[in-house]
Amino acid sequence: MTAIETLDDASPYLSGNNAPVRTEHTVVDLEVTGQVPKDLEGRLLRNGPNPIGDVDMESHHWFLGDGMVHGIRLADGKAHWYRNRYVGSESVQATLDRTFPGEVTASSGPNTNVIGHAGRTYALVEAGTKPVELTYELETVETNGFEHSLLNGYTAHPKYDPLTGDMHAIAYSYAELLDKVQYVVVGADGAVTKTIHFSAPGMPMIHDMGLTQKYAVILDLPVAVDLELAMAGSPFPVRWFNDYDARVGLLPRSVSSDEDADANIIWCSIDPCFAFHPLNSYDTDDGKVIVDICRYDKLFDADRNGPFRDSLPQLERWTIDPASHSVRRNVIDERFQEFPRVAGAVLNAPHRYGYTTSIDDSADEWKFGNTIKHDLTAGTSEVHDHGATREAGEPVFVSRPNSTGEDDGWLLTMVYDAATDKSDLVILDAANVVGEPEAIVHLPARVPNGFHGNWVRDSVTPPQ
Ligand SMILES: [Fe+2]
């Protein structure tokens, strides 16, 4: 085992802006270039892996290690603070000699996403670990699966339904549930209202899902648990399987029992591939389901430690036909891109615009690039070029109050600058992404390339 900070030639998943940071900052009254929109009142939160202890350089997987949440509070046209905090875990407790108000029960903290729901802030990860509740200022409260109503682990990618206020999730937890996967609904009041089990005999890694008004869309694709790796104690015992029966499932949201789920799920065959993230999903008038999604040819085959060396993702439209049990694929954009997002108002409904982050593979090693806005009705796209030394993260759309159009709002994204080794929060006008940013909030340190986050309005999860 090797201390991360002693090696310059670390795994690509531990070097450059993938390397963890060591300092937890609290900085107030941040410097801003431009003007923070006065209507933005809340926090931009972002989670990512930030291993706290020693790691094995040969076998370290990018998706593993302690979580660190970064947050910027905006209000009154100002950037009030930046904070970054480890997500509470047994590892953080032991390494930093830290105590928390409640119990933390996972060896390492959720490191993949951070959300606000029903007045609380949660850090999330998939595969068996329960969410960790954070305070408004990102301190750990305890391991807390939705007011202690969650039976098992959760997912990093719940899907919010703006019509009901519910959150829907597909959650696997093979150590506990083996080949059963859960469909979990958390109500608008913050507690679990439904837990349904369905069978997934291939034990697939299901990172994300689609949600429509009728269905939960299940991605049963050829990256799955390898029992030999699991028995050997591998910390990340999943890999690509060439002979896997790749399929997409349409699980009616109305299912009321485990038997009901297995009897009514509609499985549709698809060419072998992998996808982490749908951009959005919706039902069509003729009974089909549209899923726009970033698709990989192959994943975790040659490179078992990260996602971008077997293939790189392209944006596709999948048309799922439950009548013929088939999926038709159409490439929307051949450029490599990830982190797809849409406006909250069109979640699970037809959308015109989608936003992604480009991946640049022109050098020896991949890196994140620019912010892409797709007009899926016109079949066009625009790019905000952040600059040659700058790498953008996930673009989070925030609608303007009383917005008049789907793109009437802002895109908020963390941008790392290799020239300064620091990061900014960049705020773009979503209706004019090629224009100058409305604001660039300068952070005192770099925010490592991590994964996902959200804009959490103070009206949803207010300051304590
Ligand atoms: Fe993800």
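Predicted model: local features only at pLDDT ≥ 70, side-chain atom pairs only at ≥ 80, totals over all residues.
**Entry 1: ground rules.** I number residues from 1 along each chain, as its sequence is written.

**Entry 2: the whole protein.** I looked up the secondary structure and found four helices and 32 strands. Both are DSSP runs numbered from the N terminus: helices are H or I with at least four residues, strands are E with at least two. The C-alpha atoms fill a box of roughly 55 × 50 × 45 Å along the principal axes.

**Entry 3: sheet E6 to E9.** I found an open sheet of four strands in the order E6-E7-E8-E9, with antiparallel pairing. Strands count as paired if DSSP finds at least two bridges between them. Strand E6 (113-117) and strand E9 (140-143) each have a single partner strand, so one side of each has no neighbour in the sheet. From one strand to the next the twist averages 30 degrees; axes are lines fitted to C-alpha atoms, and angles run from 0 to 180 degrees between N-to-C directions. E6 is joined to strand E7 (residues 120-124) by five bridges, and glycine 116 stands opposite threonine 121 in E7.

**Entry 4: sheet E10 to E13.** Another open sheet has four antiparallel strands, ordered E10-E11-E12-E13. Its edge strands are E10 (159-160) and E13 (192-199), each pairing on one side only. Strand E11 (residues 167-171) runs antiparallel to strand E12 (residues 180-186), with five bridges joining them. I checked alanine 169 and found valine 184 in E12 as its bridge partner.

Entry 5: Eight bridges connect strand E22 (residues 314-321) with strand E23 (residues 326-341) in the antiparallel sense. Tryptophan 318 has arginine 329 in E23 as its bridge partner. Which residue in this hairpin takes a positive phi? It is histidine 325, near 55 degrees, in a hairpin with four residues between the strands. E23 also pairs with strand E24 (residues 353-360), antiparallel over three bridges. There, arginine 341 has tyrosine 355 in E24 as its bridge partner.
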